[in-house]
Amino acid sequence: MAKDEYREFRLVGTRPDRPDGLDKVTGRARYGADMTAPGMLWGAVVRSPHAHARIVKIDATKALALDGVKSVVTRADFPEGLTGEDWNLQENTIAGEKALYDGHAVAAVAATTRFLAEEAARLIEVEYEVLPHVIDVDEAMKPDAPVIRHGVSDTTVPEGMSPNIVRKIEFGNGDLGAAFAAADLVMEKSFKTEATHQGYIEPHACLGQMGSDGKGEMWVCTQGQWYIRKMCSAVLGTEASQLRVTPSEIGGGFGGKTTIFMEPLSLALSRKAGGKPVKIVMSRSEVLRATGPTASASMDVKLGMKKDGTLSGIQVEFRMQGGAFPGAPTEFALYCGLAPYKFGAVEAVGYDVIANRPRCAAYRAPGAPMGSFAIESLLDEMCLKLGLDALDVRFKNAVVAGDRAAYGPKFGSIGFVETLEATKNHPNLLAELGPNQGRGIAAGYWFNHNGETSVSMAISEDGTAQVSVGTPDIGGSRASIALMVAETLGIAYEDVRVNVAETGSLGVNEPTHGSRATFASGKAAVLATEAAIKEMCKRAANEWGIEPDAVEWADGAARPAGPNAGQFPPMTIKEIAGAMGSTGGPISGHHESLPDGVGASFGCHVVDVEVDPETGRTEILRYLVVQDAGRAIHPSYVEGQYQGGAAQGIGWALNEEYVYDDKGRLQNSVFLDYRVPLASDLPKIDTVIVEVPNPGHPYGVRGVGETGITPPLPALANAVRAATGVRMTHLPMSPSKVLAALKGR
Amino acid sequence: MSKIHVTTTINGDEVEFLADPRETLLDCLRDHVGLTGSKEGCGTGDCGACSVTVDGTLVCSCLVLGVEAEGKDIRTIEGMADGATLHPLQRKFIEHAALQCGFCTPGLLVASKALLDKNPNPSEEEVRYWIAGNLCRCTGYDKIIRAIMDAAAEMRGEAA
Amino acid sequence: MKYHTPSSFQEAAQIAAEATGTTRFLAGGTDVLVQMRAGIVLPDELIDLKKIPGVFEMTRAADGAWRIGAAVPGARLGANEDLVADWPGVVEGMELVGSTQVQGRATLTGNLCNGSPAADGVPALVAAGATVDITGPNGTRTISVQDIPAGPGKTTLTKGEVISAIHLPARGENGGDAYLRFIPRTEMDIAVVGCAVNLTLDGDVITSARVTLGAVAPTVIVVEEAAAAIVGTNLDDAALEKLASAASTAANPISDKRGTREFRIEVAGVLARRAAKIAYARAKGE
């Protein structure tokens, strides 16, 4: 569907109140832990205190002897013989032979109260044989490193490398030797980033029920109810269709709630307790120890640049550990880090490595922030060396539509140059800087994603509309989808209700991930609405006795398409809906697909900092996010995504990190020591929404959720460099590290 | 474990419940009184999602025992609106899109109301430090700050 | 767990003395409840001190000395203008503990009894020369705050002993104190280094001083050399340098998740210098 970019919209681009706003400001909205059920039990999980240990024996005798303890499960209660990703999910849900990280679940118990369940969990005796462990990615790759598990590596890994290296990624193009020879400056540097956590404020929570017949129900905070269904069923060996999963309101996810953790445990406990529902709510410490952090990375970059700023070639090797299972987002780090520029020749190598840490989950643009940190930092350093303006160099090398990305595909319509243009024109770039202050600029990229999508909509008898989507609303997608459906139907925004459906009422949907909710569910909702409109036109045509093709839809009514169709007054949606019982029955529309036409989103951030030269502490003075949204359906929530992404990136750059002791135990598993940014840490975050509409979406949407976390890491490193003269290559840039660098230690 | 009978006032209504003395006020609100608007994000007083007032003092309800509520006046997010009329802060949070996931929202609203009750004309910096104990992971705080400042201005009778 | 609400400190001490299991006193609860929630401490007897008459009282005697009840929360210290005028460093130390919400509950006494080497409330108390009243099963005693901490998580209080109040001496003329801590963020963190300075002046010249450091040793430390470096001076640059150097020399920290040993040593000196300047300005009435 081609759309005129200059087309005027009635609703798209306005900022109405979100439909779920009232529930969320009055405390009525129900999140994961807010649900109870008759006869409900509480579950608690026994977790390994060791980074790596053989499980010799689990004795639950004392726990089961307590009055009120109804069931205990261990791995023995789960089916054997799973392979591949299903085995990974099961092994991460509950350890088998070995505990693979501090916090790995080894048993679970259900009892009549939370205190009783916790007490019973303490009484479950687990005998461990502690094994050598490895935490750091570079250490884990060494030939003599403790082996997490044999046989995980795929065929891409050359013989003779550590069994902890499970995948090797290689791609490239051009003659790198010639490219570096043609450069006026070639520099190489190594970079590291530490693991961070998504840090959603709502801990994982679920209420699961399953009978001996394998039929079950679950209430759970998740980004994807069908993923929960599929994964739980695989882990438990039950049939997916027999499990009905209802998503609660979700208190943040950022990728971390696209997989399972303790959900199968609640179902297994329930099944063993005669089908009584079992509620499990994680503590913050469990969240940090055992749920999706991101990978940690160690990266080498070598870059060639000509005197005029033209990039001639780049060589990168990224090594990332993603915990005790395959899946570190190494290729995304390579792809996204390399995406923004025409580099000339490219040689890229990546390793996916396992280590004794919790399994990494997706975290907002997985991999992209690390890759951009390494590449954009070196680019900045070389601009300084050659006396070039960092923004000019980015302009010079920026990819445009039709350019081939380093990782293969050609870019369609993209707005990177327009984003740089808007950055250059922003007043923040004119702000004067004082002593110990510096400005940093960096760009970032995220592909955006389509994914399996199923949406249905129906016209109600009064001419209003309901839409059922399968993507939980994390940040205002009900509002954006209602705007698009109302725009398409020609009715009021308030006359559309968007419901997030449980798994029983729609076809399979991927989660709200990959910045896809407003793109994919939005596009499917528009297509479903168009199907309903077609039916309404047909009803009008029947009434008028003309061909359906001779009817068009405009402003909420069917109308004859031109004078040849006949002279009839418009038939409004209210009239058609009111009569539908006698004109052919319910009017609805649905759409199922992998929606094509995904549009990538580029961003550019500019940050001013002041670094205290005596303590190494970095204060953020001003912050600017510029990003291409394609089209902002509800600009306030687009701005919110930009600001939220920036804040998370700022945390990652300055203070957030997983800290382990020498035994491989996580040292900072509470919010006191896992330091996410506070209101008092941040300034206002300025935003500019660039709109280069995506031709692949009926309203031009690209998806905006993820790109924003990518540029802050290099932008802050570049700003600290500008303020202090010191290039920080290891995140986070905590005061200890910055002060040590300033003192030349 | 013998439970203790607690009589308290919550949002103006007299409420009675039986508390295990280990239970926090947050546990009691959520599990005994059915007021699940106050959230547990950390259980350690570091996130503010469970903010309530006890005799007018802003506290984390996860750091107060349920049995300590005896005879107190407790105010939670559920009591913030006056019937169907939202408090200006609630209205401004919606208007400014100051929430994304909404999980930290009840705590932020209770905390910012406690600030405006005490100081109707806070500076942006005062607001930021007052709510430093209310973590929000979605918004970067920008729109929250704008909503609070705007609500304060409206409550002072100044044009927005 | 049994929950007790004694009506006197004697009764509280008696319950604690007779207890056979784990006992905790409850005032603000901001440490005890966290430990209970994490399962680190599961008390058999929890003794709530807040029903004891006078625990919320904060008074200045005719001679200018202060008595702060065991359950007075941080927020009330900051709201007391007279206390802020007399001992701003003590107040700012306590006010740095936790969030606004935590300030509604957390107490100076609790901060002291938690035994953390990084307790923000303690260095300024020690610098001020504060004392505490202790009630035990065998009677009461008064000792210096400095003598309470005994290492991470430990105090010198014996079984059954409970602190009933903190005493601050009269401020007197031409005195000032200040407390600064270093944290990576702007709020909500545990001190990586803390430093309090309390001093008095005669004209521009410092006549007496106490400098204390937190989070750089198993307990708060009093740095005599740092005080000596500024006594007799008008806090000129040379004195400040000597002060910083003495503070850094006295610091004997560990490296942990919150900061490295090198960083703490360095920043101890930086904070000493900055806190001394503030205390000096306050003493001059600036």
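1. Let's start with helix 1 (residues 9-18) of chain C, which lies across strand 1, strand 2 and strand 3 of chain C and runs at about 170° to strand 3 of chain C. Helices (H or I, at least four residues) and strands (E, at least two) are DSSP runs, numbered from the N terminus. Axes are lines fitted to C-alpha atoms, for helices over the stretch in contact, with angles from 0 to 180 degrees between N-to-C directions.

2. Keep in mind that this is a predicted model, where local features need pLDDT of at least 70 and side-chain atom pairs pLDDT 80 or more, while totals for chains, interfaces and linings use all residues. Residues count from 1 along each chain as its sequence is written, and chains are lettered from A and ligands numbered from 1 in the order written.

3. On the sheet: three strands of chain C form an open, parallel sheet in the order 1-3-2. Its edge strands are strand 1 (2-4) and strand 2 (23-26) of chain C. Pairing takes at least two DSSP bridges between two strands; strand 1 and strand 3 (residues 45-48) of chain C have three. His4(C) sits opposite Ile47(C) in strand 3 of chain C.

4. Chain C as a whole has 11 helices and 14 strands. Its C-alpha atoms fill a box of roughly 60 × 45 × 35 Å along the principal axes.

5. As for burial, 58% of the 286 residues in chain C are buried (20 or more other C-beta atoms, placed from the backbone, within 10 Å of a residue's own).

6. Elsewhere, chain A and chain B each put 44 residues into their contact (C-beta atoms, placed from the backbone, within 7 Å). Helix 18 of chain A gives the largest share of chain A's side, seven residues.

Conventions:
A residue is buried if 20 or more other C-beta atoms lie within 10 Å of its own, exposed if 12 or fewer, and partly exposed in between; C-beta atoms are placed from the backbone. Two residues are in contact if their C-beta atoms, placed from the backbone, lie within 7 Å.
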